[in-house]
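Please walk through this model with the sequence and the coordinates side by side. Begin with the strands, then turn to the rings.

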Amino acid sequence: MAFEHYIRSGQKMLRCGYTTGTCAALAAAGAARLLLTGQRPALLCLRTPKGWPVEVEPAALEAAEGTARCAVRKDAGDDADVTDGMLVWAAVRRIEAPEIRIDGGEGVGRVTRPGLDQPVGAAAINRVPRRMIAGAVQAELDAAGAAGGAEVVVSIPGGAERARRTFNPLLGIEGGLSVLGTSGVVEPMSEQAIVDTIGVELRQAFCACPQGRLILTPGNYGADFLAANGLDALGVPVVRCSNFIGEALDMAAAEGFSAVLLVGHIGKLVKLAGGIMNTHSRSADCRTELFCAHAAAAGASTALCRALLDAPTTDACIALLDTAGLRAAVLDSLTAAAQRHLERRAAGAYRVGVELFSNEYGPLGASPAALELIGQWRNDRQ
């Protein structure tokens, strides 16, 4: 059945979908119920981390020799998603240990480089989907009064071929797709619709803050960082700008903001050090090249520079810099370069500062202008 949640895109209403992580959790619940009770569920239900309920009919159910399998068809809604329409299978069998073990099978990639969400050798099933799968299976075990735990193997037939059209091979995820999703929901929007929405939110933010202050952040990671560090409690409106940093900065100038703080994950905002204002990987992905260039300027060896160029993620770059004792020098240099490009884009229309962080390493760098803005806003709240 269709996932009936919609978002407005200009004059259109676009239907949302659900992630591969949601599909895997639903399939695991269906397989567990069949295994534990012998019943073939007609409907599978869960509540996503976003809080939206999902109800689907299983696409297939099978049981044989102590293992049950269930498949759920991925529905990406109106989003252009390489996994749309694929079957996500979960095979469940009981184990004596009181735990939920999760692994990947056919069509699910495996991590071959450090610095990703999962360690080297693990299936590319990210943390949030793993929690969803474990929670769904544990709920079925509890409902059946079953002792012990379960082993879950997620597979996506055809995933190896589809993965060639993704960034997985470049990231060091081999053999298939990743099982992803932080909210459990896919929210489709065209690029222009996103920019238009950002413009509306900026106008609302300007009306809500007479001082003309603004915090910009690309998305969920930034919002979580702001909350964890009390930056969302400064009386300054927060607007999510997705990958459209340049457009958001331009619109902030047009609205008349007096001060803008940009806070974001190093994986996106490191690109600002190269003057890149649309941080989507389709537009540019020079993260490791920027790390390499700034590390070379800080005295990095040829071997370290080569390792940085080969690193799959920015967190992996930071780990390499730590081994050489160059983290502070390189991040200070990258932050200063990002600040220069922000000031050039703002063109004197407002004060601007930037702060970078990583989910793995926490705060990584804040420009003097950013520290000045944060300090002023905190003092004004006292």
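In which sense do strand 14 and strand 15 pair, and over how many bridges? Strand 14 (residues 213-217) pairs with strand 15 in the parallel sense, over 3 bridges. Two strands pair if DSSP finds at least two bridges between them. Helices (H or I, at least four residues) and strands (E, at least two) are DSSP runs, numbered from the N terminus. Thr217 has Arg240 in strand 15 as its bridge partner.

This is a predicted model, in which local features need pLDDT of at least 70, side-chain atom pairs count only at pLDDT 80 or more, and totals for chains, interfaces and linings use all residues. Residues are numbered from 1 along each chain as its sequence is written, and side-chain values use heavy atoms, with hydrogens and water left out.

Now widen the view. Strands of a sheet pair through backbone hydrogen bonds, either parallel or antiparallel.

Strand 6 (residues 60-64) and strand 7 (residues 67-73) pair in the antiparallel sense over 5 bridges. They form a hairpin with 2 residues between them. Glu65, in the turn, has a positive phi of about 50 degrees. Glu62 is bridged to Arg69 in strand 7. The charged end of Arg69 also sits over the ring of Trp89, 4.0 Å from its centre. The rule for this asks for NZ of Lys or CZ of Arg within 6 Å of the ring centre and within 35 degrees of the ring normal. Lys50 lies over the face of Trp52, at 5.0 Å from the ring centre.

Next come the ring pairs. Rings of Phe, Tyr and Trp (its six-membered ring) pair if their centres lie within 6.5 Å; planes under 30 degrees apart count as stacked, over 60 as edge-to-face and the rest as tilted. The count is 2 aromatic pairs. Phe206 and Phe257 are edge-to-face, because their planes stand at 80 degrees, with centres 5.2 Å apart. Phe206 lies in helix 5 (residues 191-208) and Phe257 in the loop between helix 7 (245-255) and strand 16 (259-265), so the pair ties together parts 51 residues apart in sequence. Phe257 is buried, at 1% relative accessible area, whereas Phe206 is partly exposed, at 28%. Buried means under 20%, exposed over 50%, partly exposed in between (1.4 Å probe, protein chains only).

Phe225 and Phe357 are stacked, 4.3 Å centre to centre with 5 degrees between the planes. Phe225 lies in helix 6 (residues 220-228) and Phe357 in strand 17 (residues 351-358), so this pair ties together parts 132 residues apart in sequence.
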